[in-house]
Amino acid sequence: VEKMFMERVKIQKPRHQRDIGRVISLIKSLALLNLWFREKNNHTIIANEEDIKEAIRLWDKISESQELGIPPYIYDIYKDVVLPLWKEKNSEWNGEVETKGLERDEIIQRHYQVYGRILNPQKLRQQIIPMWESAGLIVQNPDPNDKRKMLLYPTILLPIFKNDTEK
């Protein structure tokens, strides 16, 4: 389990000691959920390779957001809404002109297109954007044309886990 977990970690941090404990808890939970199909030794249920692989697969889904310290839903909005929208808006960028930032209204509209529900503008402004900023996913700068507006610019992050480069 340790080897499989550490293969995925690019840079080791103290938090990974807690995280490997969480992976082990996932393995135990999966073994308990499938207790009728698991080997038993007296009153002990023995987790098998299938439990370990499934726990690692589950951990892979949430590990990026855990590493950044934000909820998976907030990170998914960033990956599914903000990044594609920013890439689309800056697809013709040739390096000579400033990149185009994202307005909050654009994010709200794209969120509706992707998820089929309205994102509360107040929640975006007061909760979601500060989480992205504190995780280092975005920076906000005033709009050069209208100083009352703030534009969002995604930052470029290095992959946190080794399997990020394979995706």
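Student: Which residues in H4 meet which residues in H6?

Tutor: In this predicted model, Ile74, Ile77, Tyr78 and Val82 are the residues of H4 that meet Ile128, Met131 and Trp132 of H6. By type, the residues of this contact divide into seven nonpolar, no polar and no charged.

Student: How is the packing of two such helices described, and what are the values for H4 and H6?

Tutor: Two packed helices are described by the angle between their axes and the distance between the axes. For H4 and H6 the angle is about 85 degrees, and the axes lie 10 Å apart. Angles from 65 to 115 degrees count as roughly perpendicular, so H4 is roughly perpendicular to H6.

Student: At what angle do H4 and H5 pack, and how far apart are their axes?

Tutor: Helix H4, which covers residues 72–89, and helix H5, which covers residues 104–115, pack at an angle of about 110 degrees, and their axes are 10 Å apart. That angle makes H4 roughly perpendicular to H5, and the crossing in which H4 passes H5 is right-handed.

Student: Which residues make the contact of H4 with H5, and how do they divide by type?

Tutor: From H4 come Tyr73, Asp76, Ile77, Asp80, Val81, Val82, Pro84, Leu85, Glu88 and Lys89, which meet Glu106, Ile107, Arg110, His111, Val114 and Tyr115 of H5. The residues of this contact divide into nine nonpolar, one polar and six charged. Ile77 and Val82 of H4 are named here, and Ile77 and Val82 are also named in the contact with H6.

Student: How do the axes of H3 and H4 cross?

Tutor: Helix H3, residues 49–68, has an axis that comes within 9 Å of the axis of H4, and the two cross at roughly 100 degrees. H3 is therefore roughly perpendicular to H4. On the H3 side the contact is made by Ile62, Glu64, Ser65 and Leu68, and on the H4 side by Pro72, Tyr75 and Lys79. These residues divide into four nonpolar, one polar and two charged.

Student: Is Asn42 buried or exposed, and what of Ser134?

Tutor: Exposed means a relative accessible area over 50%. Asn42, at 71%, is therefore exposed, and Ser134, at 65%, is exposed as well. Ser134 is found in helix H6, residues 121–134, and its C-alpha atom is separated by 9.0 Å from that of Ile70, although Ser134 and Ile70 are 64 residues apart along the chain.

Student: What is the mean pLDDT of the protein, and where does pLDDT stay under 50?

Tutor: The mean pLDDT is 85, and 89% of the residues reach 70 or more. Over residues 158–167, however, pLDDT stays under 50, and for this stretch the model has 23 contacts beyond four places in sequence.

Methods: Residues are numbered from 1 along each chain as its sequence is written. This is a predicted model: local features need pLDDT of at least 70, side-chain atom pairs count only at pLDDT 80 or more; totals for chains, interfaces and linings use all residues. Side-chain values use heavy atoms; hydrogens and water are left out. pLDDT is the predictor's confidence in each residue, from 0 to 100. Contact means heavy atoms within 4.5 Å. Axes are lines fitted to C-alpha atoms, for helices over the stretch in contact, and angles run from 0 to 180 degrees between N-to-C directions. Helices (H or I, at least four residues) and strands (E, at least two) are DSSP runs, numbered from the N terminus. Angles under 35 degrees count as roughly parallel, over 145 as roughly antiparallel, 65 to 115 as roughly perpendicular and the rest as oblique. A crossing is left-handed if the near helix is turned anticlockwise from the far one by less than a right angle, and right-handed if clockwise. Ala, Val, Leu, Ile, Met, Phe, Trp, Tyr, Cys and Pro count as nonpolar, Asp, Glu, Lys and Arg as charged, and the others, Gly among them, as polar. Buried means under 20% relative accessible area, exposed over 50%, partly exposed in between (1.4 Å probe, protein chains only).
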